[in-house]
Amino acid sequence: MAGGVRNGHKLKAVIPGGSSMPVVRGEVMMDLTMDYDSIQKAGSGLGSGAVIVMDDTVCMVRALERLSYFYHEESCGQCTPCREGTGWLYRIVHRIEHGQGRPEDLDLLLSIGGNIAGRTICALGEAAVWPVQGMLRNFRDEFEYHIEHKRCLV
Ligand code: SF4
């Protein structure tokens with residue numbers, strides 16, 4: 001589709017519905033059709049309909065760092081779980097990306113996410129948490145590698 005993955009690289013992952021939707025692994029995505037039911041069964045959603053395609057040169061820790069920074073910056077600060085929690089998510093992913101991650105950080109990210117989702121005034125709380133949950137569900141091994149070796153797997 002759209003000429004395939006550039007320069008002969010392999011499809012690694014797709015965020016099928018805008019940056020808030022959980023990531024889907026590339027090999028799973030290739031077996032799906034772009035409709036609500038299929039994408040939902042894969043644990044994600046069509047959301048805003050903006051499709052983000054990532055090839056095998058993309059570091060998923062770096063990708064999540066950028067996503068988390070965006071939601072941290074976008075938080076208006078009105079409610080505490082979003083105002084504080086999005087900052088904590090970003091800072092933890094940032095330290096993993098920069099070689100200062102701790103093994104317990106991955107469960108800490110999930111724990112913080114669980115204390116944001118469903119506890120905020122608008123949907124930005126969930127939008128900040130779903131990318132974190134999706135990345136750890138699908139690419140946890142890459143985050144573990146980053147913490148252990150202090151560098152990217154790719
Ligand atoms: S959840 Fe919405 S209202 Fe609450 S701080 Fe975040 S952006 Fe503001």
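This is a predicted model: local features need pLDDT of at least 70, side-chain atom pairs count only at pLDDT 80 or more; totals for chains, interfaces and linings use all residues.
Visitor: What follows α6?

Guide: Lys150 follows α6, and the phi of Lys150 is positive, near 60°.

Visitor: Why is helix α5 called roughly antiparallel to α6?

Guide: The axes of α5 (residues 105-114) and α6 come within 10 Å and cross at roughly 170°. Angles over 145 degrees count as roughly antiparallel, and therefore α5 is described as roughly antiparallel to α6.

Visitor: How do you know that α5 and α6 meet, and which residues take part?

Guide: Contact requires heavy atoms within 4.5 Å. From α5, Leu106, Asp107, Leu109, Leu110 and Gly113 take part. They meet residues of α6 including Val129, Leu136, Arg140, Phe143 and Ile147. The residues of this contact comprise eight nonpolar, two polar and three charged.

Visitor: How do you know where the domains lie, and how far apart are their C-alpha centres?

Guide: The domain assignment of the protein gives domain 1 as 6-55 and domain 2 as 60-149. Their C-alpha centres lie 20 Å apart.

Visitor: How many residues of each domain are in contact with the other?

Guide: In domain 1, 11 residues are in contact with 14 residues of domain 2.

Note on methods: Residues are numbered from 1 along each chain as its sequence is written. Side-chain values use heavy atoms; hydrogens and water are left out. Helices (H or I, at least four residues) and strands (E, at least two) are DSSP runs, numbered from the N terminus. Axes are lines fitted to C-alpha atoms, for helices over the stretch in contact, and angles run from 0 to 180 degrees between N-to-C directions. Angles under 35 degrees count as roughly parallel, over 145 as roughly antiparallel, 65 to 115 as roughly perpendicular and the rest as oblique. Ala, Val, Leu, Ile, Met, Phe, Trp, Tyr, Cys and Pro count as nonpolar, Asp, Glu, Lys and Arg as charged, and the others, Gly among them, as polar. Domain bounds come from an automatic or database domain assignment.
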